[in-house]
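Thanks for asking me to look this one over. Here are my notes, point by point, to read with the model open beside you.

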Amino acid sequence: MDEKCTGLVLRLRPLKETSLIIHWLTPEYGRLATTAKGACRDRSPFRGKLDLLFEANIAFRRSQRTDLHTLTEVDLAKPHAVVRKDVGKLRLMAYATRFLEQTTETETPLLGIHAILTTLLDHLACAATRPALVYALEMKFLNELGLAPALSESHLDDPTIELLEQLAIRNWEGITKLKPTKSQVKAMKEFLHVFLIYNLGTLPKGRDAVLAA
């Protein structure tokens, strides 16, 4: 029996000449991998419905032997075309994907993280990237993973602590209204850099690139 869910394409790569392997983020199943057989053929029902950061309603048939399942239906909901044409926004989403892959197991429900990423994509359709979005993404992910930093025990001053707390709980539109000083941005960058290495072992790849953009 086919299973249905909403999925966001995190990665995709060729499988032989005509098929694809797609890595999805779903609320119910977390990170999920599927094959789309014949997806590259001109008359495939998947044609034009599978690409990076596409959001879709999907159906898949679960494999009994591996964690690579068979995609059976795709109903494209949001292509996120604006984000996919902007290098800075793509860097941010690539960093989010690497963070996610480093810190979560496959096929584990990720309802909160799915909401974080899909609402961020909607926000980026009409807003520019900025360092505050990176720090907010990190704080939100850490909260979802049960790794929220004990800010009151840090060396940060009270205004910077309050700022990080707001980044963790505000929606993306609300975050754009925050106006951190240069010293606060530097303090947040350095604090989270050290915190991520200590708790994750290594920084997720792409952090320096997205902050330099």
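1. A cut-off to start with, as it comes back below: a residue is called buried under 20% relative accessible area, exposed over 50%, and partly exposed in between. Please also keep in mind that this is a predicted model.

2. For a closer look at one pairing, take strand 4 (residues 55-61) and strand 5 (residues 68-78), which run antiparallel and are joined by 7 bridges. Within strand 5, Leu71 is the residue that stands opposite Phe60.

3. Now to the charged side chains. Side chains of opposite charge can pair when their charged atoms come close. The count for this model comes to 8 salt bridges.

4. One of them is formed by the side chains of Arg61 and Asp2, at 3.0 Å from N to O. This pair links distant parts of the chain, 59 residues apart: Arg61 sits in strand 4 and Asp2 in the segment before strand 1. Arg61 has 45% relative accessibility, so Arg61 counts as partly exposed. Asp2, at 26%, is also classed as partly exposed.

5. Arg47 and Asp42 meet in a salt bridge too, at 3.6 Å from N to O. Are these side chains buried or exposed? Arg47 has a relative accessible area of 44% and is therefore partly exposed, while Asp42, at 66%, is exposed.

6. Do have a look at Arg207 and Glu138, whose side chains meet in a salt bridge at 2.6 Å, N to O. Arg207 lies in helix 8 (residues 207-212) and Glu138 in helix 4 (residues 131-144), so the pair ties together parts that are 69 residues apart in sequence. Arg207 is buried, because its relative accessible area is 2%, and Glu138 is buried at 0%.

Conventions: Residues numbered from 1 in each chain as written. Predicted model: local features only at pLDDT ≥ 70, side-chain atom pairs only at ≥ 80, totals over all residues. Heavy atoms only, no water. Pairing = 2+ DSSP bridges. Helix = DSSP H or I, 4+ residues; strand = E, 2+ residues; numbered from the N terminus. Salt bridge = Lys/Arg side-chain N within 4 Å of Asp/Glu carboxyl O. Buried < 20%, exposed > 50% of the residue type's maximum accessible area, 1.4 Å probe, protein only.
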